[in-house]
Amino acid sequence: SPDASPKEIASVYFRPPSCHPIFLEQEWAVYALYTQNAHRASNVRHRVRTASGVVVQLRVNQRENGGDWVALGKYTLGPDASLLLDSEDTDGSVCADAILFARCLR
């Protein structure tokens, strides 16, 4: 019997566009966009790096809400802000179409 090859792990790194320092250290809403498919993973890991350096980890079910902007939360972001999405330990295929960083107005 042929050897089963391990699942390839892929990751995508998103950073908000460089912006004027006046907008840094403010609250931003983060959203993900992906296509829905029955073969997508139900447990895609997203890691958001905040202004304080804390990395918030959450899982997204990509079998639901495809084609819509899915809210990942609101975070205080700074110059090193980022979002890392990866396929490690997922139960299906992973889609990384777009991430939106939207500044929250007061």
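Tutor: First, a term: two strands pair if DSSP finds at least two bridges between them. Strands here are DSSP runs (E, at least two residues), numbered from the N terminus. This is a predicted model, where local features need pLDDT of at least 70, side-chain atom pairs count only at pLDDT 80 or more, and totals for chains, interfaces and linings use all residues. Residues are numbered from 1 along each chain as its sequence is written, and side-chain values use heavy atoms, with hydrogens and water left out.

Student: How many bridges join β3 and β6?
Tutor: Five, and the pairing is antiparallel. Within it, His-46 stands opposite Leu-85 of β6.

Student: What is the strand order in the open sheet of four strands?
Tutor: The order is β1-β6-β3-β4, with antiparallel pairing. β1 (11–14) and β4 are the edge strands; each has a single partner, so one side of each lacks a neighbour in the sheet. From one strand to the next, the twist averages 20 degrees (axes are lines fitted to C-alpha atoms, and angles run from 0 to 180 degrees between N-to-C directions).

Student: Switching to Arg-45: buried or exposed?
Tutor: Buried, at a relative accessible area of 10%. Buried means under 20%, exposed over 50%, and partly exposed in between, with a 1.4 Å probe and protein chains only. Arg-45 lies in β3.

Student: What does the side chain of Arg-45 make a polar contact with?
Tutor: The side chain of Glu-88, at 3.0 Å. A polar contact is a pair of N or O atoms within 3.5 Å; within protein, one must be able to donate a hydrogen and the other to accept it, and residues adjacent in sequence count only if both atoms are side-chain atoms.

Student: Which residues have the most contacts inside the largest nonpolar core?
Tutor: Val-30, Leu-72, Tyr-75, Leu-77, Leu-83, Ile-99 and Phe-101, in a core of 20 residues. Such a core is a set of buried Ala, Val, Leu, Ile, Met, Phe, Trp, Tyr and Cys residues joined through side-chain atoms within 4.5 Å.

Student: Which strand gives the largest share of this core?
Tutor: β5, with four residues.

Student: And how many disulfides are there?
Tutor: Zero, in a search of the whole structure. The cut-off is a pair of cysteine sulfur atoms within 2.5 Å. Cys-95 is buried at 9% relative accessibility, and Cys-104 is buried at 16%.
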